[in-house]
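Q: Please take a close look at one part of this model: the charged pairs and the residues around them. Say where each partner sits and how accessible it is.

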Amino acid sequence: MKPWLLTLALAEHAVGLSDPNPRVGCLIVSADGATVLGQGHTQAAGGPHAEVMALRDAQARGHDVRGATVYVTLEPCAHHGRTPPCCDALVAAGVGRVEIAVGDPNPLVNGQGTARIAAAGIAIGRAPDDVALRARELNIGFFSRMERGRPWVRMKIAASLDGRTALPNGASQWITGADARADGHAFRKRAGAVLTGIGTVLADDPSLDVRLVETARQPLRCVVDARLDTPPTARLFDAASPPVLFTASRDAGRRAALEARGAEIVDVPAADGRLDLETVLDDLAHRHINEVHVEAGARLNAALLRTGRVDELLLYLAPTLLGAGRGMADLGPFESLAQGLAFDFHDATRVGADLRILARSPRV
């Protein structure tokens, strides 16, 4: 089990770095398993994949990898993209065995990497089920995009025990503690895009970037803004990368002012003043976004939940009761309990003084 733990730890180093490519770790050990010969993880898009990094590391250490065992968290690629096929690199290196945690769902790979390695006479092994599950979880957005053609949508909400996200006057900083806020930024780091609504922009003036944990790249910052009410002075424009504003507005003056600040403006169909959120999510899928991290107010949360495309709720609950205040999502009113939106509890973990709950749609 230890080689797999090391390999999974390597893959985690690719979080916040490799998107839209999957997060992959690779470990090369001697045939007897006694010596680590090389290790690596996937680099930024266009850079080397995990297997090539591990082979380079072994070479730099002066190790011969012929006959060695390779542990890799995702099936080695078999196609020419921005880099050559990793399966060919392993074959050329003369390794003796390749242990694979989980197959690659990319149609350009999907078993072909394994087949080419096996055809070269190299033994193929499989990871235990718990390792395979962890490898898939690490790339849950990549699997979603490849298998369903859409990103994994995660909705983050910080609230009191009685479900209040703010006081009636809008005060919300801070309901949860510093540990929970840093943990939330770790989930932002996972995301290819952070999505919010114009209400949050006007009320909180967020920057929507990753600040409380280290990251090699920042997610795309997106705002659902039907009327282009985003102020050109918003903190969104202080970051190096421009935000994306989804809108139905034709106001030329507002467009010009926001585009002058670097905003990318995307036109979206609307009905009754509300944007078609399916179109918004489809746009993000076309941008090869693996995970969408939603941090919004009750109205946009409810609208997104009604689309049925929210895969996961990331809830941070503080051990406090606030009584009257703003809720998590403006759903309902429902006439029966059966009308409620059902989620399954996936995980519950204490983070500092707060409780983090992951709940997933039963459809995923």
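A: Arg-309 and Asp-282 join their side chains in a salt bridge, 3.0 Å from N to O. This pair links distant parts of the chain, 27 residues apart: Arg-309 is in the loop between α11 (298–307) and β14 (312–318), and Asp-282 is in helix α10 (residues 277–286). A salt bridge here means a side-chain nitrogen of Lys or Arg within 4 Å of a carboxyl oxygen of Asp or Glu. Helices (H or I, at least four residues) and strands (E, at least two) are DSSP runs, numbered from the N terminus.

The model is predicted: local features need pLDDT of at least 70, side-chain atom pairs count only at pLDDT 80 or more, and totals for chains, interfaces and linings use all residues. Residues are numbered from 1 along each chain as its sequence is written, and side-chain values use heavy atoms, leaving out hydrogens and water.

Arg-309 counts as buried because its relative accessibility is 7%. Asp-282 is at 33%, so it counts as partly exposed. The classes are buried under 20% relative accessible area, exposed over 50%, and partly exposed in between (1.4 Å probe, protein chains only).

Asp-282 belongs to α10, and that helix packs on α11. The angle is about 80° and the axes are 10 Å apart. So α10 is roughly perpendicular to α11. Axes are lines fitted to C-alpha atoms, for helices over the stretch in contact, with angles from 0 to 180 degrees between N-to-C directions. Angles under 35 degrees are roughly parallel, over 145 roughly antiparallel, 65 to 115 roughly perpendicular, and the rest oblique.

On the α10 side, Leu-277, Glu-278 and Leu-281 meet Leu-300, Ala-303, Leu-304 and Thr-307 of α11. By class, this contact holds 5 nonpolar, 1 polar and 1 charged residues. Contact means heavy atoms within 4.5 Å.

Now the wider count. The structure holds 29 salt bridges. One of them joins Arg-134 to Glu-12, with the closest N and O atoms 3.9 Å apart. Arg-134 lies in helix α5 (residues 129–138) and Glu-12 in helix α1 (residues 2–12), so this pair ties together parts that are 122 residues apart in sequence. Arg-134 counts as partly exposed because its relative accessibility is 41%. Glu-12 is at 42%, so Glu-12 is partly exposed.

Another pair is Arg-211 with Asp-209, at 2.6 Å from N to O. Arg-211 has 45% relative accessibility and is therefore partly exposed. Asp-209 has a relative accessible area of 15%, so Asp-209 is buried.

UniProt, in an unreviewed entry, lists Ser-172, Arg-188, Leu-208, Arg-211 and Glu-295 under "binding site". Such annotations may be inferred rather than shown by experiment.

Arg-188 lies in helix α7. Its relative accessible area is 7%, so Arg-188 is buried. Beyond neighbours within four places in sequence, Arg-188 contacts Val-194, Leu-208, Asp-209, Val-210, Arg-211, Pro-219, His-293 and Glu-295. Both partners of the 2.6 Å salt bridge, Arg-211 and Asp-209, are among these contacts.

Ser-172 is partly exposed, at 24%. Its contacts are Thr-165 and Ala-166, leaving aside neighbours within four places in sequence.

Helix α7 also carries Asp-183. Asp-183 is at 17% relative accessibility and therefore counts as buried. Asp-183 touches Tyr-316, Val-351 and Arg-356, not counting residues up to four places away in sequence.

Glu-51 is in helix α2 (residues 50–60). Its relative accessible area is 3%, so Glu-51 is buried. Glu-51 touches Cys-26, Val-72, Leu-74, Pro-76, Cys-86 and Leu-90, not counting residues up to four places away in sequence.

Note on methods
Nonpolar A, V, L, I, M, F, W, Y, C, P; charged D, E, K, R; others polar.
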